[in-house]
Amino acid sequence: MLLLLLAPALAAYLLTSLWLLKRPRLLHPAKRLAFRARHVSHRGGAGERIENTMEAFRHAVECGTEMLELDCVLTRDGEVVISHDTNLYRQAAVRGEIGDLDYQDLPLYKERMEIYFYPDHYSTGRDRRIPRLEEVFQNFPTVPINVEIKVDDPRLISKVSDLVRRFDREQITVWASASDKIMDQCRREVTDAKVFNQTFGGSWNSGLHLDPERGARLPTRLPAWSHRSHDGLSHQTTPLPRQLASPLPSPPTIVTATPPPPPTQHV
């Protein structure tokens with residue numbers, strides 16, 4: 001008798017559970033993201049302009065990128081500058097460390113710089129100056145930026161944190177590092193940050209980059225989840241806007257005329 005009385009309640013419970021299982025947002029509202037990045041320009045789009053320059057960042061934003069990725073190091077006089085390498089030789093053909101020079105003494109980048117993850121291919125540009133992080137924040141106040149801390153230096157982490165707060169970027173700044181130790185220091189220093197990104201070494205997924213060889217700004221459709229193997233930022237993607245997916249104009253075809261055969265000589 002008791003079982004007969006409980007059967008309707010049990011059935012109602014099971015049906016309600018199944019109904020809610022298919023509608024999880026009724027009980028657990030979706031988390032609101034501060035931003036969505038379907039396309040990230042690595043070092044500002046190093047395949048099209050000299051990496052980590054203001055020209056590269058402007059070009060990437062004009063092309064419709066939704067996040068800039070850059071690398072930070074500290075000069076001797078305490079300026080946070082944008083550079084992938086701590087040593088200047090690959091980028092500027094100068095032997096020495098950025099940390100051993102004041103900002104005003106930093107050399108210009110090379111006129112042609114080999115793309116780090118694309119051997120035997122080079123990027124060029126009019127801007128060869130090493131910029132400061134402050135300049136990037138000033139010029140792109142609403143663009144999400146993935147800031148990678150390159151060296152284990154508490155002063156660098158503290159200064160980057162101060163700049164993030166000064167420019168009110170806590171919601172749109174992603175902290176990144178390839179080092180567990182540095183990442184732990186970032187988490188302790190930056191208690192108000194919303195996003196931390198543990199990066200990984202490896203090859204760059206050029207399908208998410210401004211590809212200099214194929215000439216396409218962005219692929220027409222990315223997989224449901226995409227992972228940048230170099231920087232390790234997993235982000236959900238959706239079909240991209242048509243204006244971002246259109247290929248660049250093809251370069252003009254150079255046609256070389258075939259020379260006529262030599263005249264036949266009669267003996």
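A residue counts as buried when its relative accessible area is under 20%, and as exposed when that area is over 50%. Keep that in mind as you click around this predicted model.

**Stop one: a threonine in a loop**

Select Thr-65, in the loop between H2 and S2. Buried or exposed, then, is Thr-65? Its relative accessible area is 10%, so Thr-65 is buried. Now show its side chain. There is a polar contact with the side chain of His-39, at 3.0 Å. The Thr-65 side chain also reaches the backbone oxygen of Met-67, at 3.2 Å. Leaving aside residues up to four places away in sequence, Thr-65 touches His-39, Val-40, Ser-41 and Ala-60.

**Stop two: the largest core**

Next, select Leu-70, Leu-133, Ile-149, Val-160 and Trp-175. The largest nonpolar core has 27 residues, and these five touch the most other members. Which elements each supply at least two residues of this core? Color them in: helices H2 (54-62), H4 (133-139), H5 (154-166) and H6 (180-189), plus strands S2 (67-74), S3 (80-82) and S6 (145-149). H5 gives the most, with five residues.

In general, nonpolar side chains in soluble globular proteins tend to be buried together.

Zoom in on Ile-149 and look at what surrounds it. Not counting residues up to four places away in sequence, Ile-149 touches Cys-72, Leu-156, Ile-157, Val-160, Trp-175, Ala-176, Ser-177, Ile-182 and Cys-186. Then move over to Ile-98, Tyr-109, Met-113 and Ile-130. They are among the eleven residues of a second, separate core.

While you are looking at cysteines, pick Cys-72 and Cys-63. Cys-72 is buried at 0% relative accessibility, and Cys-63 is buried too, at 16%.

**Stop three: helix H6**

Select H6 and look down its axis. Ile-182, Met-183, Gln-185 and Cys-186 are buried here. The buried residues of H6 fall within an arc of 160°, so they line one face of the helix. Turn to the other side of H6 and you will find Asp-180, Lys-181 and Arg-188 exposed. Before you leave, check the start of the helix: a side-chain oxygen of Ser-179 comes to within 3.2 Å of the backbone nitrogen of Lys-181.

**Stop four: charged pairs**

There are 17 salt bridges to explore in this model. Start with Asp-71 and Lys-150, whose closest N and O atoms are 3.8 Å apart. Asp-71 is in strand S2 and Lys-150 is in the loop between S6 and H5, so this pair ties together parts that are 79 residues apart in sequence. Asp-71 is buried, with a relative accessible area of 1%, while Lys-150 is partly exposed at 25%.

Now select Arg-128 and Glu-111. Their side chains meet in a salt bridge, 3.8 Å from N to O. Arg-128 sits in the loop between strand S5 (122-124) and H4, and Glu-111 in the loop between helix H3 (89-92) and strand S4 (112-114), so the pair ties together parts that are 17 residues apart in sequence. Arg-128 is partly exposed, with a relative accessible area of 24%, and Glu-111 is exposed at 56%.

For one more pair, pick Arg-132 and Glu-135, with their closest N and O atoms 3.5 Å apart. Arg-132 is partly exposed at 21%, whereas Glu-135 is buried at 12%. Now widen your selection to Glu-79, Arg-129, Arg-132, Glu-134, Glu-135 and Arg-166: salt bridges that share partners join them into one network.

**Last stop: two backbone angles**

Most residues other than glycine have a negative phi. With that as background, where is Arg-43 found? Look in the loop between strand S1 (40-42) and H2. Phi of Arg-43 is near 55°, a positive value in a residue other than glycine. Arg-43 is also buried, at 0% relative accessibility.

Finish at Asp-120, in the loop between S4 and S5. Asp-120 is not a glycine, and yet has a positive phi of about 70°. Is this residue, Asp-120, buried or exposed? At 63% relative accessibility, Asp-120 is exposed.

Methods. Residues numbered from 1 in each chain as written. Predicted model: local features only at pLDDT ≥ 70, side-chain atom pairs only at ≥ 80, totals over all residues. Heavy atoms only, no water. Buried < 20%, exposed > 50% of the residue type's maximum accessible area, 1.4 Å probe, protein only. Core = buried A, V, L, I, M, F, W, Y, C linked by side-chain atoms within 4.5 Å. Helix = DSSP H or I, 4+ residues; strand = E, 2+ residues; numbered from the N terminus. Contact = heavy atoms within 4.5 Å. Polar contact = N/O pair within 3.5 Å; in protein donor to acceptor, adjacent residues only side chain to side chain. Arc of directions from axis to C-beta. Salt bridge = Lys/Arg side-chain N within 4 Å of Asp/Glu carboxyl O.
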